[in-house]
Each structure stands twice: as C-alpha cells, then as structure tokens.
Amino acid sequence: MKNVKEFMAEVVRKNPGEVEFHQAVQEVAESLFPFLKKNPKYAREKVLERMIIPERVLIFRVPWLDDNEEIQINTGYRVEMSSAIGPYKGGLRFHPSVNLGILKFLAFEQVYKNSLTTLPLGGGKGGSDFDPKGKSDREVMKFCQSFMTELFRHIGENTDVPAGDIGVGSREIGYLFGQYKRLKNEFTGVLTGKSLNWGGSLIRPEATGYGCVYFVQEMLKTRDESIEGKVCTVSGSGNVAQYTTEKLLELGAKVVTLSDSGGYIYKKKGLTDEDLRFVLELKNVRRGRIKECAEKLKGVKYFDGKRPWEVPCDIAFPSATQNEIDAKDAKTLVKNGCYCIGEGANMPTVPDAVKVFQNAKILYAPGKAANAGGVSTSGLEMSQNSMRTCWTREEVDEKLRMIKVNIHESCVKYGKQKDGYINYVDGANIAGFVKVAEAMIDQGVV
Ligand code: NDP
C-alpha cells in the first residue's frame, strides 16, 4: 500500500458499512504509515494488512423466553481479533446499538490497548444487541444463559477470556460464569470482572476509572500540574464514570457533571462523596435515570437531551460511549479553557474533534492508553486465578498504577514531537503496534 488513502479505500471496500471500524483503522493507519516507511520490515511482512482482519468471528443466535413466556431472539457475537501475544481478551457489550462493525472497532482497539499494558493479552470483543435496560433480573439471567450456551465452546482460560463492557456488569458476569461452569464442569478464570467471593480481583470494578485518572496525573506532570482543585466534567454514569469520579474526589478535584443517554446533571459546587453514593445506588441497584439526581440532590440541575461538553472545565473525562464528542463540542471545550482530555470510553472523540484538541496542543489521551486500566486489572485477575491466590487492594492498586505509568512512558517514547508536544495518539498506536507486530513476525505467516 502506498498511502493511507489507498489503504483505507481497500478497508472500506472489504468491510462495507462498518463505519466505526473504518474510523478506528484510519486513526491507527495515520499514526503508523510514517513509522512503517522508516521500518520497512513491518510493511514487507504485511503486518498491518493482517491485523485488520480478525483471526475469527463468531455470530450466533440467542433465543430466550421473557417473563411472559414470549420467545425473544437476539444476535450474539465474539470477534477474536488477535492472539499474537496472549489469549483473546476484551469485554462483552450488551446494547441495542451493537453490530459487527462496532465490535470489530472495539476488538481492533483492544489489540493495541492490551499490548500497551505489557501483559500477555491478545485482543477480542463481543456482545449482543440485547438491551438489559428495563429487563427483570430473571430475564437478564435467561438471556445470559442462552448466550453462554453457544459461546462456551469458543472460550477458555487459555483461549479467550471475556469481561464486561457497556451493559455487562457483575450481575451479567455472574450469570454468564454460572452457565459456563455448568456446561464445562470446571471452575476456571474464563471470565474477568467476577465478584470477589468467587474469583474476582480487588480493584477490578474501580480499575478503568482509577486507571484513567492515574494516566491523566502522568499527563499533567509533564506540565508540572496536578489534579487537585481542577474542575472536571465527566460523561456517563456507569462503571467507568463512577470510579473516575470517586478517584477525582479523593484527589481533591471538583467533578461538576455526570450523564446518561437521557441528558446530563450539573452541580456548580461540585459533586460530594454523598452525591456519588446516591448515584451508585441509583445506577447499580435501582437502575434508574440520572435526571432523578436533580430532584433528590441539592444544587443539582438536569439538562435534558444534552451532553456535558458545554460546561466550562479544566479536564474532561468522556466515559459513556463512542463518538460522544464532535468537532463543535471540542471547540467549545477548548474555548472554555479545557486543556486535558482523558478518554474513559472507547473512541469517544470523532476524528475532526481529535484534530481540534491536537491543533490546540492540549493534553489529549486516546482511550486505548487512558482506559487500559480495566483490562490490565483483568490481566491481574487472570494471574491471581491461575495462581489460586488473592492479592490485597493495595497490591493490585499499586500494580495498576505502575502499568499506567509505563503506558504513559511508552506513549512519550513514540509520540513526542520535535517541538516537545506529546502526540499520545501516535505514541499509543506505534507502541501498541510494535509488540504485536514483532510477535507476529516471530510466529511466521499466521
Ligand atoms: P456502563 O454500561 O456501566 O455505563 C455506560 C454509561 O454510558 C451509562 O451511563 C449509559 O447511559 C451511557 N451511554 C451508553 N450509551 C450511550 C449513548 N449512546 N449516549 C449517551 N450515553 C450513553 O458501561 P461502562 O462504564 O463499562 O463503559 C463506558 C465506556 O467505557 C464504553 O465506551 C466502554 O467501552 C468503555 N470501557 C469500559 C471498560 C470497563 O472496564 N467497563 C474498560 C475500558 C473501556 P444509559 O444508562 O442511559 O445507557
């Protein structure tokens, strides 16, 4: 391939309609092409051309009975993208928007992210167009059991180790694990994100959010800054948003927003620990809507149908979903003084918006670097399961922190420009690529 344009034309032709996948590949190709030019062995071995095709894709029917004994049918997927450096590893997403293109984008990103963690983890992603919202616990259980009744033949502790993502938390992981155990008659670390008393790791629920904040701390250090006192906007109110907020509050930042797909809440004085506890109970136990916070919490306003990027802040943490910051949002953020972005979500920023951040020379960390704490701690959960041991909270947190420091160093190594600006996108893409590419070359044409 001569250039990115030609390469992408082929990607689009071979993967029609998969717009999010095209977007993810384009971003990586733009970082890699200049690097491949300087390092022709990777081009000769057609490493990138191989990496954009999953090693295997599974698509299966998931029939289940709802509470009215009606038959419901969903589609299940597992994209096994790369096993070059370890078993396939990546979450399951249950959301009505799920389709093959979205899972291919997520699996592709996962390969680079997992490589950055320094742990022996390949990349994969899966899920279903099933929507857990509004379903009873029994319905969610029946769906999970049916989903696992097919998936179990394709996964295993040394083959493919799924975890959670949007719509898949500890409740779903429990039901999935129970069915796997029943079908295989074995108790192994085949899933991560398990509950503590049956094989889970301390800090795993917190890891993506905490890790994102640790990464932002490293970015701020490059400008002799710290998190304390900074005004932060956070989107989403699920797992990642909750623990990002918890860590930010612990470090003395002011978190002024949270959101869900209905709209966002804003508290000028900043959310308190008590407010966060209310959100945790609202979202994790009652599975309610964020707008309830405006009715129940003092000083909180709700903005229906809007995203929080219009609120002035120092640091923004997009932690809901892909493409949630467009170019207009990015310009507003920069205009209002935001100078740091830590992506808790995967690919939350559209390409034009990334350019806005980079042209403004603000600190911008892509998801594959910033949110790698979740999968890193999943890797630590796998280690603990294999060793049949359980590390303390402090031990896991310290390992997580060190992994994030290392990822930051890798990004600086490959992303620092002549003018001193750190292009974290290039840094993460090239560092992630090199390790996988070397393994692929070592293992021959596979
Ligand atoms: P959760 O399901 O716990 O929470 C998702 C949050 O995002 C909810 O508040 C949800 O609101 C909101 N959301 C989902 N879709 C949309 C949408 N289309 N528009 C606006 N808001 C939306 O998921 P997680 O917190 O686990 O995941 C959030 C992001 O972080 C995802 O991009 C995921 O891939 C990424 N991530 C997660 C990791 C993890 O360990 N969990 C690891 C690395 C990345 P609502 O309830 O209204 O749908």
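Strand S1 (residues 56-65) pairs with strand S2 (residues 71-82) in the antiparallel sense, over 10 bridges. Helices (H or I, at least four residues) and strands (E, at least two) are DSSP runs, numbered from the N terminus. Two strands pair if DSSP finds at least two bridges between them.

Tyr 77 has Gly 127 of S4 opposite it.

## Basis of the model

The model is predicted; local features need pLDDT of at least 70, side-chain atom pairs count only at pLDDT 80 or more, and totals for chains, interfaces and linings use all residues. Residues are numbered from 1 along each chain as its sequence is written, and side-chain values use heavy atoms, with hydrogens and water left out.

Strand S3 (residues 88-94) is mostly covered, with 7 of its 7 residues buried. Buried means under 20% relative accessible area, exposed over 50%, and partly exposed in between (1.4 Å probe, protein chains only).

S3 pairs with strand S5 (residues 160-163) in the parallel sense, over 4 bridges. Asp 160 in S5 is the bridge partner of Tyr 88. S3 and S4 run parallel too, joined by 3 bridges, and Phe 94 stands opposite Ser 128 in S4. In a regular strand the side chains alternate between the two faces of the sheet.

## Surroundings of the ligand

The ligand is surrounded by 25 residues, of which the closest are Asp 165, Thr 208, Ser 261, Arg 289 and Asn 346. Domain 1 (4-187) and domain 2 (207-370) each give the shell at least three residues; the domain bounds come from an automatic or database domain assignment. Helix H8 (204-221), helix H9 (239-250) and strand S7 (254-260) each supply at least two residues of the shell.

Several polar contacts (pairs of N or O atoms within 3.5 Å; within protein, one must be able to donate a hydrogen and the other to accept it, and residues adjacent in sequence count only if both atoms are side-chain atoms) can be listed here. A side-chain N or O atom of Asp 165 is 2.6 Å from an oxygen atom of the ligand. For the side chain of Lys 133, the distance from an N or O atom to a ligand oxygen atom is 2.8 Å. Gly 167 has a backbone N or O atom 3.0 Å from an oxygen atom of the ligand. The protein covers 82% of the 900 Å² of accessible area that the ligand has on its own (Shrake-Rupley method, 1.4 Å probe; for residues, only the protein chains shown count as cover).

## Positive phi in loops

Most residues other than glycine have a negative phi, and most peptide bonds are trans. Lys 46 is not a glycine, yet has a positive phi of about 50 degrees. Lys 46 lies in the loop between helix H3 (40-44) and helix H4 (47-51).

Asn 185, also not a glycine, has a positive phi of about 55 degrees. Asn 185 is in the loop between helix H7 (170-184) and H8. Is Asn 185 buried or exposed? Asn 185 is exposed, because its relative accessible area is 70%.

Ser 376 is found in helix H15 (residues 373-387). Ser 376 counts as buried because its relative accessibility is 0%. What does the side chain of Ser 376 reach? It reaches the backbone oxygen of Ala 372, at 2.6 Å.

Thr 257 has its place in strand S7. Thr 257 has 0% relative accessibility and so counts as buried. The side chain of Thr 257 reaches the backbone oxygen of Val 234 at 3.0 Å.

Asn 15 lies in the loop between helix H1 (4-14) and helix H2 (19-38). Asn 15 counts as buried because its relative accessibility is 11%.

Terms used. A residue is near a molecule or strand if one of its heavy atoms lies within 4 Å of it.
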